[in-house]
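Please look through the sequence and the structure shown here before reading on. The paragraphs that follow go from the contacts between chains to the parts within them.

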Amino acid sequence: MSSREDILGRVRRQLGRTPENAVRGRSAMEGYIAARAPGPHGIISGDLVSHFRDKSAALSSSVEDITDLAQAPAAIARYLASHGLPQQAVCWPRFAALDWKAAGLQVESRPTHGADLVGISGCFCALAETGTLMLCSGVDTPAALSLLPETHIAIVAAERIVAGMEEAWTLLRSELGEVPRAVNFISGPSRTGDIEQTIVLGAHGPYRVHILILGTP
Amino acid sequence: MQVRSMHFKARAGEKLADAQLQVNLGRAKSKFVDKRAHAILDLEDFEATRGAAKELRDLTLGDLDLWLERFETEATKRGATVLWARDGAEVCQMVIDIGRRHGVRKVTKSKSMLSEEAGLNQALGAAGIQPVETDLGEYILQINDNEPPSHIIAPVFHKSKEDVSALFARTHHLPPKTDIQEMTREAREVLRPHFLSAEMGISGGNFLVAETGSVALVTNEGNGRMVTTMPGVHVVITGIEKVIPTLEDLATLMRLLPRSATGQSISNYFSLLTGTARSGETDGPAHMYFILVDGGRADMVGGEFAEMLRCIRCGACMNHCPVYQAVGGHAYGWVYPGPMGSVLTPLFAGIENAIDLPQAATLCNQCGVVCPVKIPLPELLRRLREKQVEQRLRPRSERLALNLWSWVAQRPAWYALATKWAVRYLNWLAGGRANIPVLGVAPEWTLGRDFPAPEGRTFRELYAERQAKRGAR
Amino acid sequence: MRVGLFVTCLVDLMRPRIGFSALKLLETAGCEVVVPATQTCCGQPAYNSGDRANALALAKKVLSEFEDCDYVVAPSGSCAGTIRSHYVDLAGDEPGLAARMAKLSAKTYELTDFLVNVAKLQQVPGSYAGSITYHDSCAGLRELGVKAQPRALLAQMPGVRLREMSGAEDCCGFGGTFSLKFGAISAAIAEKKCADIAAADVDAVVLGDLGCMLNIEGKLSRMGAATKVLHVAEVLAGNLDQEER
């Protein structure tokens with residue numbers, strides 16, 4: 001008997017599984033999945049954008065507003081300069097056409113292989129409830145760019161800030177249909193508290209996360 | 001991992017006497033307990049969220065075979081291979097087979113308690129595959145001669161920064177750092193090359209989502225993402241009880257897990273991983289395997305300890321447990337410490353191998369009130385105590401004492417006489433003092449505290465006299 | 001209201017004055033109090049040790065002694081908790097027994113809970129004056145929801161200055177037979193409780209359970225601390241004259 005049959009067999013026996021109740025059970029299971037019932041929510045005070053801004057700041061991300069995507073290069077150049085960081089980065093393909101040179105930045109649209117210090121990404125959406133970015137992996141949205149560099153800069157469109165995770169799943173299903181390989185929820189710079197329960201920023205992921213909110217109404 | 005729970009009492013004694021450990025435990029307690037209390041205020045209705053989490057866990061466990069089959073179908077559809085392992089030995093063999101199939105020489109690991117249960121690192125090492133733990137706490141344990149973790153969320157809860165500094169200096173051959181930030185940076189730099197060169201990544205799984213065949217990973221450091229993004233092979237090792245129905249259920253549990261564990265409203269990184277790299281993607285594994293482990297779980301399904309299977313491994317119970325706060329995690333002698341460990345260890349490793357664990361509890365229920373999925377931990381501990389009585393595993397002296405007490409307590413005349421003598425004897429021992437410093441019949445009590453002297457006469461006697469006086473009037 | 005006073009074995013043996021204090025409080029509240037003469041133990045030590053047979057034998061005895069009362073009141077959260085929360089479980093499948101146990105459980109109360117929520121005592125007879133802190137016993141708090149009730153009664157006494165201690169709801173380490181089986185761990189937990197009591201800097205710590213009381217009193221004595229340990233019934237009832245004793 002295979003391990004699979006052994007294990008499932010024991011579970012079935014413990015539950016008193018019969019062919020009849022299996023049919024009923026599967027039907028109930030499909031009904032449950034289709035219903036997609038959400039649980040109780042978290043508290044959101046004020047509008048979604050302000051709540052998102054407050055929660056991001058509480059997680060040690062820095063947040064800045066821009067009204068137009070064309071302002072991003074200058075804003076990012078200012079941010080990097082103010083932290084004494086190099087004026088170069090890698091970015092997602094959707095930002096390749098921005099005028100980086102005019103802002104004095106050397107930005108390449110390619111996957112990162114570990115040596116890049118700054119990564120500029122967008123996001124699929126963001127969660128106001130916890131100040132979280134949601135990134136979906138894909139050909140044009142490589143996951144490593146928000147993970148390997150020491151600095152992660154994310155451009156978030158204000159209308160893509162939703163209330164919580166349930167709203168994000170609904171958006172994902174309606175826009176992407178299929179779940180991508182990796183959905184990464186990012187809430188601030190990486191951190192660890194393993195040594196003496198003292199929180200230190202910059203464990204294996206980025207040391208700092210800077211968020212540009214685009215087009216706050 | 002080898003079971004050492006039979007040495008609980010002796011180890012607990014050592015831990016109580018370990019002054020540095022006591023300092024470390026005291027510090028950690030306030031951080032986890034206070035932060036959690038603060039974090040749950042963010043929820044509209046914490047109790048309702050707990051209730052919803054309990055319901056969805058029970059629903060899944062009530063049809064676990066069906067949900068597991070659904071998960072298997074969905075995961076397979078998206079390019080993953082789903083394997084089933086009865087025990088730790090099978091887990092190790094499967095991982096080694098996968099490693100050999102893909103020419104793996106090095107494995108990076110993010111936290112997996114199941115791999116601790118199975119003793120996977122030792123097995124990999126013996127098979128010529130180098131395992132590298134990447135969770136900072138697990139890494140520290142690995143380089144300290146594979147020391148076992150003492151807490152399921154904070155594996156080096158028991159260590160001071162001086163301990164870590166000395167360990168790093170010895171292992172990395174670099175000058176010792178005194179600052180925690182510097183030590184963390186050093187670990188980052190030491191581990192980064194391993195992340196980029198390992199052929200296989202092994203992770204645990206906080207949850208398995210049946211709807212989409214996905215695994216959900218909760219981390220703060222980014223190592224979970226590294227381990228599952230960079231290598232060409234990703235293996236997920238997790239228990240069969242971890243499956244949940246939908247993405248919405250995942251959202252509900254994610255409101256409770258980080259808050260209950262570390263007091264965060266959400267963990268830094270929360271990843272939902274589904275299948276292998278899609279065509280054209282530049283990162284992500286080409287091969288993905290799930291190893292669904294039984295290890296004693298199947299036999300608990302639908303039984304008298306089934307509620308324990310709801311556990312989402314947050315660690316809140318041990319953070320709030322007065323016994324864990326006093327002795328730390330190592331005394332428990334296996335993978336899982338604290339209240340949840342005191343229930344799981346006897347069930348997974350054999351009741352007779354962990355006799356003391358369900359006994360070493362005050363049944364205060366500080367654990368039960370914080371459990372995000374409402375597991376009635378004191379009830380389960382008591383049921384394990386009942387099992388010990390049924391299986392005649394209790395010491396003869398204890399059985400005699402309980403039988404004697406019960407026999408006397410059912411016979412009021414005998415009881416009145418026995419108690420009358422007992423209090424007079426104790427009163428005599430006290431010799432006029434308010435407290436008795438040494439009590440031969442209860443040595444465990446008086447080692448650490450005095451025994452207060454009784455008033456000298458029983459309520460029964462005094463009440464009878466009072467009633468007699470009134471009757472006489 | 002015909003109230004059966006469940007004295008508890010520890011009060012019977014160690015602190016009869018607490019039994020008489022409970023009696024006085026119930027009578028002050030206007031209850032007709034009966035004290036079944038053959039009562040002994042609720043069976044908690046056996047129940048918590050996993051010995052269901054002995055626990056059930058004692059539970060049946062308690063049932064027979066108290067079944068006829070309108071209420072059963074005990075000056076102890078753990079004993080009241082055993083009767084209220086666990087007797088039905090002990091009854092198991094025995095025909096008719098579970099129903100009778102359920103009736104008994106439903107009318108069993110911890111003393112302060114009864115005085116506040118059932119008897120609605122408006123003025124306690126005691127006149128204690130001094131600073132106190134309150135230790136919330138685990139069974140009383142987490143099984144029976146006893147928290148506000150003792151404080152409400154203590155608030156009726158103008159001389160009492162209540163200062164809450166840090167960790168008031170933390171376990172004191174008694175745990176019944178735990179204190180005899182794992183004495184070192186038990187004493188270590190008790191030490192933390194006593195440190196919290198000392199930090200509150202009060203004349204007395206007040207509580208509602210004999211197990212906690214003996215544990216804390218014994219630890220404070222070993223530590224050489226002068227803080228008094230008082231049962232809430234004694235504080236609320238005040239001095240007992242010869243008649244009441």
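## A walk through the chains

In this predicted model, 79 residues of chain B are in contact with 62 residues of chain A, where two residues count as being in contact if their C-beta atoms, placed from the backbone, lie within 7 Å. Sorted by class, the side of chain B that touches chain A has 32 nonpolar, 25 polar and 22 charged residues; here Ala, Val, Leu, Ile, Met, Phe, Trp, Tyr, Cys and Pro count as nonpolar, Asp, Glu, Lys and Arg as charged, and the others, Gly among them, as polar. Because the model is predicted, local features need pLDDT of at least 70 and side-chain atom pairs count only at pLDDT 80 or more, while totals for chains, interfaces and linings use all residues. Residues are numbered from 1 along each chain as its sequence is written, and chains are lettered from A and ligands numbered from 1 in the order in which they are written.

Chains A and B are also joined strand to strand: strand 9 (residues 182–186) of chain A and strand 9 (residues 269–273) of chain B run antiparallel and are linked by 5 bridges. Helices (H or I, at least four residues) and strands (E, at least two) are DSSP runs, numbered from the N terminus, and two strands pair if DSSP finds at least two bridges between them. Within this pairing, A:Phe185 has B:Phe270 as its bridge partner. Strands of a sheet pair through backbone hydrogen bonds, either parallel or antiparallel.

How is each of these two chains divided? The domain assignment gives chain A a domain 1 (3–35) and a domain 2 (48–214), with bounds that come from an automatic or database domain assignment, and the C-alpha centres of these two domains of chain A lie 42 Å apart. Chain B is divided into domain 1 (46–299) and domain 2 (409–472), and their C-alpha centres lie 57 Å apart.

Inside chain B, helix 3 (residues 46–62) packs against helix 12 (residues 247–262) at an angle of about 130 degrees, with the axes 10 Å apart; axes are lines fitted to C-alpha atoms, for helices over the stretch in contact, and angles run from 0 to 180 degrees between N-to-C directions. That angle makes helix 3 of chain B oblique to helix 12 of chain B, since angles under 35 degrees count as roughly parallel, over 145 as roughly antiparallel, 65 to 115 as roughly perpendicular and the rest as oblique. On the side of helix 3 of chain B, the contact involves B:Thr49, B:Arg50, B:Ala52, B:Ala53 and B:Leu56, which meet B:Asp249, B:Thr252, B:Leu253, B:Arg255 and B:Leu256 in helix 12 of chain B. By class, this contact has 5 nonpolar, 2 polar and 3 charged residues.

Turning to the other partner of chain B, 52 residues of chain B are in contact with 51 residues of chain C. Among the elements that give two or more residues to this side of chain B are helix 1 (8–17), helix 19 (412–430) and helix 21 (459–472) of chain B, and the side as a whole has 29 nonpolar, 13 polar and 10 charged residues. Helix 1 of chain B packs with helix 11 (residues 183–200) of chain C at an angle of about 30 degrees, their axes being 9 Å apart, which makes helix 1 of chain B roughly parallel to helix 11 of chain C. This contact is made by B:Ala12, B:Gly13 and B:Leu16 together with C:Ala184, C:Ile185 and C:Ala188, and by class it has 5 nonpolar, 1 polar and no charged residues.

Chain C itself is assigned a domain 1 (2–117) and a domain 2 (130–237), whose centres, taken over C-alpha atoms, are separated by 22 Å. The contact between them takes 30 residues from domain 1 of chain C and 23 residues from domain 2 of chain C.

Chain C also holds an open sheet of 4 strands, in the order 2-1-3-4, with parallel pairing. Its edge strands, each pairing on one side only, are strand 2 (32–34) and strand 4 (108–110) of chain C. Strand 1 (residues 2–5) and strand 3 (residues 71–74) of chain C run parallel and are joined by 3 bridges, and C:Val3 stands opposite C:Tyr71 in strand 3 of chain C. Helix 2 of chain C lies across strand 1, strand 2 and strand 3 of chain C, running at about 170 degrees to strand 1 of chain C.
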